[in-house]
Structures are given as structure tokens and as C-alpha cells.
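Please read them with the structure open.

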Amino acid sequence: MRMISDQLRRRDITDPLVLSAFARVPREAFVPPELIEHAYDDGPLPIGNGQTISQPYVVAMTVEALGLHGGERVLEIGTGSGYAAAILAAMVREVVTVERIAELAMIAAERLARLGFRNVQVHHADGTLGWPPGAPYEAIAVAAGAPEPPPSLLDQLAVGGRLVLPFGHADHQRLVRITRRSSTSFYEEDLGDVRFVPLVGAEGWPDASHPARA
Ligand code: SAH
């Protein structure tokens, strides 16, 4: 498939588990019908409610950085279209994904069920608080840009686990991998510059459409 050779392999995505997941998940099933001809373009696409399905390469970079082997339980924050959740579900034992916009959560849950992904739970909630009932997680991926790593997500990371998230400014961020070395020690690595929609919530950015009262 062209997307895999031109956008992923050529940019150093080499993990066979990641590449085979991209080969197995039909991206056209995750984009709005009028954008199907662009499903394999090298960029993000609008999915409604002001949100986007991430660029395939950015999903691949995030997922590769999680260092998955197949047996893990993974938490994803920012379900959006459900595409990244499907890629993860094709790779690991169980995926828990959280989306703050009810309509997107509902559409993604239906779509994932229709495509036969039985190892994904979709929840409508504020993902800056993680999903405590499933904690701890061996890997956590965040698909929206945070002002700083949400403490709840650090708490819900297993010792030895990896959290990959973009954080920094509202309109541009660094993608960072945080590895939990012990209950109190975390190790941070910079993976490059990225642009994500904002992570909005109690441990993220305030909701600009409903500003908190002073
Ligand atoms: N992984 C998605 C990309 C979605 S874009 C995909 O493959 O399509 C980021 C998503 O994060 C948006 O849908 C946005 O609504 C959601 N989001 C933003 N803040 C959130 C929060 N606090 N909790 C859960 N989801 C959030």
C-alpha cells in the first residue's frame, strides 16, 4: 500500500507490528464519506465538531514510540474518528479510549463495532483525568495537545510504562515520551515538533467556548 511505503517506511517507521496494523485497518472507513478520495493523503482531515483524524505518520510515530509487543492494555485519550484506536486494537490485547465530544464518541464506538474490533472500549468523558477503572496502563497515547502532562495520566501509568503526548503551546507542541521508572521517577524524551488540536479538560486547556467564570 502506497501510504505505508511513501509516508511511513520512508520516514523511518520500521516496527513490523506497527506496519502490519496500518496494513490491516482501512483508513477510508474512518473519514467522512465526502473525503474518502483523500483517506490516504499525507495529512490530517476534518471529521466534524472542529476535530481532525491525525496524519497517518503522526499516528505511526506515536504508536511506534509506545514500544508495544502485543499483550498490553493501552489507554488512548482523544478517540476522534477511532482510527488510532483501531490501529492500537490491531496491535495489543485491549484498548480503552476516551473522547470528550459525545457525538464523536458515539460514531467511533459504532464504527469500531461494525468493523469487528471487539477489544476496544470507547468512553465519553474528560480524558485529562484518564480512565481510573482500567488503571494502571502499560501504555498511554494522547491525541490532543496539552499545556503540560496531566498528573492523572502520570498516576495511571504502570511502572515501566510509556506515555506519549504532545504538550506545549496551544497551536504547536513537542511530542514527548515519558517512561515511568518507579512510582516517583519519570524519564522524558523529545520526539519532535507537532501540531494537534487542544486537549480540553480539567487537567488540560480551559474550554474556550464555555469560559470558566472569574
Ligand atoms: N486519535 C484520533 C485523533 C483525534 S483529534 C483519530 O485517530 O481520529 C483529538 C481528539 O481529542 C478530538 O476528537 C477531541 O475532541 C479530543 N479531545 C480533546 N480534549 C479531550 C479530553 N480532555 N478528553 C478526551 N478527548 C479529548
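1. Asp6 and Arg2 sit four residues apart in helix H1 (residues 2-8), a spacing of about one turn of the helix. This is a predicted model. The two side chains form a salt bridge, with an N to O distance of 2.9 Å. Side chains of opposite charge can pair when their charged atoms come close.

2. How exposed are the two partners? Arg2 counts as exposed, because its relative accessibility of 64% is over the 50% cut-off. Asp6, at 25% relative accessibility, counts as partly exposed.

3. Asp6 has another partner to check: Arg10 forms a salt bridge with Asp6, and the closest N and O atoms are 3.7 Å apart. A pair counts as a salt bridge when the nitrogen and oxygen are within 4 Å, so the 3.7 Å between Arg10 and Asp6 qualifies. Arg10 is exposed, with a relative accessibility of 63%.

4. Elsewhere in the chain, Asp190 and Arg174 form a salt bridge, the closest N and O atoms being 2.9 Å apart. Asp190 belongs to strand E9 (residues 186-194) and Arg174 to strand E8 (residues 173-180), so this pair ties together parts that are 16 residues apart in sequence. Both ends are partly exposed: Asp190 has a relative accessible area of 46%, and Arg174 is at 31% relative accessibility.

5. For the whole structure, the search finds eight salt bridges.

6. Now the nonpolar packing. In soluble globular proteins, nonpolar side chains tend to be buried together. The largest nonpolar core here has 48 residues, and the members that touch the most others are Phe22, Leu68 and Tyr83. Elements that each supply at least two residues of this core include H1, helix H2 (16-24), helix H3 (56-65), helix H4 (83-89) and helix H5 (102-114). Strands E1 (45-48) and E6 (137-142) also each supply at least two.

7. Which residues does Leu68 touch, leaving aside those up to four places away in sequence? Its contacts are Asp15, Leu17, Val63, Val74, Leu88, Met91, Val92, Ala139 and Arg162. The list takes in Asp15 and Arg162 as well as residues such as Leu17 and Val74.

Technical notes
Residues numbered from 1 in each chain as written. Predicted model: local features only at pLDDT ≥ 70, side-chain atom pairs only at ≥ 80, totals over all residues. Heavy atoms only, no water. Buried < 20%, exposed > 50% of the residue type's maximum accessible area, 1.4 Å probe, protein only. Core = buried A, V, L, I, M, F, W, Y, C linked by side-chain atoms within 4.5 Å. Contact = heavy atoms within 4.5 Å.
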